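Reader: I am new to this structure. Please take me through how to read it, one feature at a time.

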Amino acid sequence: MKHVDEYRDRELVKSLAFRLADQVKRPLRFMEVCGTHTMNIFRFGLRSLFPADLEVVSGPGCPVCVTDSADIDVCIAAAENENVVIATFGDLVRVPGSRGSLAESRARGARVEIVYSPIDALELARAHEDKLVVFVGIGFETTVPTVAAAVAQAARLRMDNFCVLSLHKVMPPVFARLLAGNHQLDGLLCPGHVATIVGRRAFEPLALDYGLPCVIGGFEPVDIMQALVQLAELAARREAKVVNAYPRAVAEDGNSSAWRLVTDIFQPVDAQWRGLGTIKSSGLAIRDVYAAFDARRRLDFETETPAPPSTGCRCGDVICGRCRPVDCGHFGGSCTPGHPLGPCMVSSEGSCAAFYRYGEH
Amino acid sequence: MENKKDCVTLDHGSGGLAARELVQEVFLSRLNNSRLAPLEDSAVLPVANGRLAFTTDSYVVDPLFFPGGDIGALAVNGTVNDLAMRGAVPLALSLGLIIEEGLPLEVLERVVDSIAAAAETAGVDVVTGDTKVVHRGAADKLFINTSGIGSIVEGVEISPGQVRPGDGIILSGTMADHGITVLAEREDLGFGGQLRSDTFALNHVVAALVEHFPGGIHALRDPTRGGVATTLCEIAVVSGSSMEIWEERVPLNRPVAVACEILGIDPFFLANEGKCLLFVDPAVEGEILKALHRHPGGKQASLIGRVTDGEAGRVVLHTAVAGQRLMTPLTGDPLPRIC
Ligand code: SF4
């Protein structure tokens, strides 16, 4: 962790807090769009270091939180097939759809395994030759390359009992959707992980088309504070451009070989976002050549999913920065991490969970 | 298929000959003492003057063996520590086992060896016991329950109700070792063998402190499930006080910090099995810390915070990077079967 320590330097963080206070001369509203930013801002107590005039809201950066209830229903339909073993990352299991959660399906006898990487899911498929292992692919640009690699490997090994249920999404279209409305934002803290893959340049249209200052930030306390200082500087000058404050990981054009692998296997598709509806070309579906690894083509899903019961959960507003978790009537009462009503409270990266866990109530 | 003789079978739980053999060969040979040996329906203990502490806990940890310990050591140390947290000196333990049919005898023997060793270290006897064998699938390998009785010396009054503003908060050593070790082991994450459970009996170090600092220790609590954060919050609520904690003073082993970082887990929420939080009179906190440092159970003890008279239940963490946030108890346990 040597390399991490220098980005957790107490004195450096303090001096950046002073610089930030210096730069914020009028009320400013920034949005961060990455679950890891959300979490780390809370966990390191950085909010206590922000000047009173700076508000930092969370955007749709937590993959579990933006997953639509209808997509959860599709996962559950897959899980109910007795030949299927579902492999997924932990958080998704507890997200309620319109007919309960994967955890509840598991309690009723469905096979739902938690894995830490898509490679684990391949292992699972090898260990269960008589079952179809369905890996639920969830995540943004950062996560898709490893899933693409797993599909490529399965194809190479001619595995016929592994497939992916892709709920993957890409970020630029959702930014465009958010910013096209009345967003009342003065700056965007862009996600460093996504930028590592897509590169700095990919964010340029956001700055240019919407006149918004953008800074790509890393995840350690020093990274975050540094990025916010630069964002405040840009906002003070009302300068719309994309600054890379995370150059140790992010290049101008990103990691093109990783992205090439993704585009080999996936193609853009319209996708449903919780709270935002359908966004054109914001999802990734498996290409025809790899149809054998596409769960949607391997399994028959009911296309009609009932509208989710209205619980009054405001996750859709929370992930668009339209309200704070504490503005939701359920927060901390009928909705807690132990008994979550919406994905923002389930995911460890969700805003509601962060507000709850780190005591903003 | 393993040889029937090498496994625990339903016969072993039948109360017949096989059961007697199991008790003799596996248990009595290892745990022998004058109160257990007669195998009566209950053990008879002399009644002391004063007060008794009585506690029970069940252990279902998966896997049974992990670096630094196993379910047997955990079952003894956990119950001994629960007694010690009230300032009680352990007098006797009970041992109940629920065994899944088919458990290799060799596994059972290793666990009982470990129970014997832990009991010897803690200086307490297992005086009564019970074994049940259930059908395959009705339990997972082995579950253990231990109860413990301890005596509390006259005048010793240790409980969260005694905590008051100004008290120093000491953590007796590094945090999160047990929780992260079991998790890494269970998920086969292999962090280069650098993680070890901290399972340890705290009764000796507690007894020494209680004797040397009469009235100096207001409350003790072992931060097991839910970790240091949950324990602090609970005590803040029960004692109606506030607390300030300084993150940089909280001891954390380097490999544990790295593993938590990789897994995105907050070490303040991870279980400890050989540590305690001490709430102590500020007049003697320096002396208590020195005494802890001389003891194997407290070499890395650190003053991590202070009780204040703010809003009841409010625990503020001053983060290592000079930020501040509230600490909250763990909800929605992410790590079942950790102990
Ligand atoms: S507090 Fe719960 S119900 Fe309210 S928005 Fe958050 S997740 Fe939804």
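Reader: Does A:Cys65 count as buried or exposed, and at what relative accessibility?

Author: Relative accessible area sorts residues into buried (under 20%), exposed (over 50%) and partly exposed in between, with a 1.4 Å probe and protein chains only. A:Cys65 has 1% relative accessibility, so A:Cys65 counts as buried. This is a predicted model, in which local features need pLDDT of at least 70 and side-chain atom pairs count only at pLDDT 80 or more, while totals for chains, interfaces and linings use all residues. Residues are numbered from 1 along each chain as its sequence is written, chains are lettered from A and ligands numbered from 1 in the order in which they are written, and side-chain values use heavy atoms, with hydrogens and water left out.

Reader: Which residue forms a disulfide with A:Cys65?

Author: A disulfide is a pair of cysteine sulfur atoms within 2.5 Å. Here the partner is A:Cys62, and the two sulfur atoms are 2.3 Å apart. A:Cys62 counts as buried as well, at 5% relative accessibility.

Reader: Is the disulfide of A:Cys62 and A:Cys65 right-handed or left-handed?

Author: The torsion about its S-S bond is about 75 degrees, so the disulfide of A:Cys62 and A:Cys65 is right-handed.

Reader: How many disulfides does a search of the whole structure find?

Author: The search over all chains finds 1 disulfide.

Reader: Let us turn to charges. How many salt bridges are found over all chains?

Author: A salt bridge is a side-chain nitrogen of Lys or Arg within 4 Å of a carboxyl oxygen of Asp or Glu. The whole structure has 36 of them over all chains. In one, the side chains of B:Glu248 and A:Arg10 meet, at 3.6 Å from N to O. That pair crosses between chains: B:Glu248 sits in the chain B loop between strand S9 (242-246) and helix H7 (254-263), and A:Arg10 in helix H2 (residues 10-23) of chain A. Helices (H or I, at least four residues) and strands (E, at least two) are DSSP runs, numbered from the N terminus. B:Glu248 is exposed at 53% relative accessible area, and A:Arg10 is partly exposed at 27%.

Reader: Where do A:Arg126 and A:Glu123 lie?

Author: Both belong to helix H7 (residues 118-127) of chain A, 3 residues apart, about one turn of the helix. The two form a salt bridge whose closest N and O atoms are 3.0 Å apart. A:Arg126 is partly exposed at 38%, and so is A:Glu123, at 43%.

Reader: Which parts does the pair of A:Arg201 and A:Glu252 tie together?

Author: The side chains of A:Arg201 and A:Glu252 meet in a salt bridge of 3.9 Å, N to O. A:Arg201 lies in the chain A loop between helix H10 (192-198) and helix H11 (204-210), and A:Glu252 in the chain A loop between strand S9 (242-244) and helix H13 (256-265), so the pair ties together parts 51 residues apart in sequence. A:Arg201 is partly exposed at 42%, as is A:Glu252 at 33%. Through shared partners, salt bridges join A:Arg200, A:Arg201, A:Glu204, A:Glu252 and A:Asp253 into one network.

Reader: What about the backbone? Which residues does a cis peptide bond join?

Author: B:Asp62 and B:Pro63, with omega about 5 degrees. B:Pro63 is in the chain B loop between strand S1 (51-59) and strand S2 (65-66).

Reader: What is the phi of B:Leu39?

Author: Phi of B:Leu39 is positive, about 50 degrees, although B:Leu39 is not a glycine. B:Leu39 falls in the loop between helix H1 (17-31) and S1 of chain B and is partly exposed at 41%. B:Lys141, likewise not a glycine, has a positive phi near 60 degrees. B:Lys141 is in the chain B loop between strand S5 (125-134) and strand S6 (142-152), and counts as partly exposed at 29% relative accessibility.
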